[in-house]
Amino acid sequence: MRNFTCPACEKPTIAPARKWASSSLNPVHCSECGAQVYASSRQSSLWRILESFLVTLVVIRALIGFSWWLVVIAVLIVVAMEALRLFLVPLVRLRREGDGVA
Ligand SMILES: [Zn+2]
């Protein structure tokens, strides 16, 4: 899988797994320019809210009549939503006060 582009230096240095696991508390360090980058947390949260909503619908359906297919569907929803999040949520550069950035 192709690496994601660093938002600071535009070089493809961010491995997909590292982008997926990144957050503002756990940013990825770009190997080219050293910038700390992470997948936008606001947009990640939106995806996760939608993801849990869809899984909740499956759980409610399972209360009516449980089937292993529902478990498969729930897992597919989580996998698909996390994959979409990986590709659609942009990487942003971490800025902290005192970084010298006005
Ligand atoms: Zn960079």
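The protein chain in this predicted model has a radius of gyration of 17 Å, whereas a compact globule of 102 residues would come near 13 Å. Along the principal axes, its C-alpha atoms fill a box of roughly 55 × 30 × 15 Å. Of the 102 residues, 14% count as buried. Among contacts with a separation of 6 or more, 48% link residues 24 or more positions apart.

Turning to the secondary structure, the protein chain holds three helices and three strands, and reading along the sequence gives the pattern α-β-β-α-α-β. Strand β1 (residues 28-29) runs antiparallel to β2, to which two bridges join it; here His29 has Gln36 of β2 as its bridge partner. The two strands form a hairpin with six residues between them, and Gly34 in the turn shows a positive phi of about 80°. On to the next pairing: β2 and strand β3 (residues 91-93) are also antiparallel, joined by three bridges, with Val37 standing opposite Arg93 in β3.

In soluble globular proteins, nonpolar side chains tend to be buried together. The largest nonpolar core in this model has 10 residues, namely Phe4, Cys6, Ile14, Val28, Cys30, Val37, Tyr38, Ala39, Val89 and Leu91. Strand β2 (residues 36-39) supplies the largest share of this core, with three residues.

Methods. Residues numbered from 1 in each chain as written. Predicted model: local features only at pLDDT ≥ 70, side-chain atom pairs only at ≥ 80, totals over all residues. Core = buried A, V, L, I, M, F, W, Y, C linked by C-beta atoms within 7 Å. Buried ≥ 20, exposed ≤ 12 C-beta atoms within 10 Å, placed from the backbone. Helix = DSSP H or I, 4+ residues; strand = E, 2+ residues; numbered from the N terminus. Pairing = 2+ DSSP bridges. Rg over C-alpha atoms; globule rule 2.2 N^0.38 Å. Contact = placed C-beta atoms within 7 Å.
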